[in-house]
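Please look over the sequence and the 3D structure shown here.

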Amino acid sequence: MLAFKPARLLRILCSEHDQHNGAPLYQAVVDRCLKMKIAGVTVLQGSEGFGESAEIHRSRLIGQDLPIVITIVDSAEQVNSLVPILEDMIDTGLITISDVNACRIEKPPQAPPA
């Protein structure tokens, strides 16, 4: 039986052109989370979307500015300590936070067949 523990899920919605200190924002966020030993971060690139500005972000023949979703999961304490740092890093975007239950699954490697 899996043992789930309370956790917090944070999502950042931004675009691939968003920057922080000359680097892509998503890369800067991943680097910061790594330094903070956050449990997990995944960056997803969307096909199309829009936010509050109602400006469509989509792939074009000439240039593109695709939507990005950065998903972060860890304890409530770790996520809460990350929020003020993210606030300083993000010029435009949306942050959502949800309380979730998480369970890490890690099976031992199987021995090769004899």
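Predicted model: local features only at pLDDT ≥ 70, side-chain atom pairs only at ≥ 80, totals over all residues.

## Helix H2

Helices (H or I, at least four residues) and strands (E, at least two) are DSSP runs, numbered from the N terminus.

Residues are numbered from 1 along each chain as its sequence is written, and side-chain values use heavy atoms, with hydrogens and water left out.

At Val83, shortly before the proline Pro84, H2 has a kink of about 30 degrees. The bend at a residue is the angle between axes fitted to the seven residues ending there and the seven starting there.

Which residues of H2 are buried (under 20% relative accessible area; exposed is over 50%, partly exposed in between; 1.4 Å probe, protein chains only)? They are Val79, Leu82, Leu86 and Met89. These buried residues pack against strands S1 (5-15), S2 (19-20), S7 (67-74) and S8, and against helix H1 (25-35). Contact means heavy atoms within 4.5 Å.

## Thr71 in strand S7

Strand S7 contains Thr71. Thr71 counts as buried because its relative accessible area is 17%. Leaving out residues up to four places away in sequence, Thr71 touches Leu9, Leu10, Arg11, Gly40, Val41, Thr42 and Leu44.

## Two loop residues with positive phi

Asn21 is in the loop between S2 and strand S3 (23-24). Its phi is positive, about 50 degrees, although Asn21 is not a glycine. Is Asn21 buried or exposed? Asn21 is exposed, because its relative accessible area is 73%.

Lys37 is in the loop between H1 and strand S4 (40-45). Lys37 is a residue other than glycine with a positive phi, near 60 degrees. With 69% relative accessibility, Lys37 counts as exposed.

## A nonpolar surface patch

Leu2, Phe4 and Ile105 make a nonpolar surface patch of about 320 Å². Like charges are joined within 9 Å, and nonpolar side chains (Val, Leu, Ile, Met, Phe, Trp, Tyr) within 5 Å. Accessible areas come from the Shrake-Rupley method with a 1.4 Å probe; for residues, only the protein chains shown count as cover.

Ile105 lies in the segment after strand S8 (94-102). Ile105 counts as exposed because its relative accessibility is 55%.

Methods
Patch = residues over 30% accessible without salt bridge, like charges linked within 9 Å, V, L, I, M, F, W, Y side chains within 5 Å. Salt bridge = Lys/Arg side-chain N within 4 Å of Asp/Glu carboxyl O.
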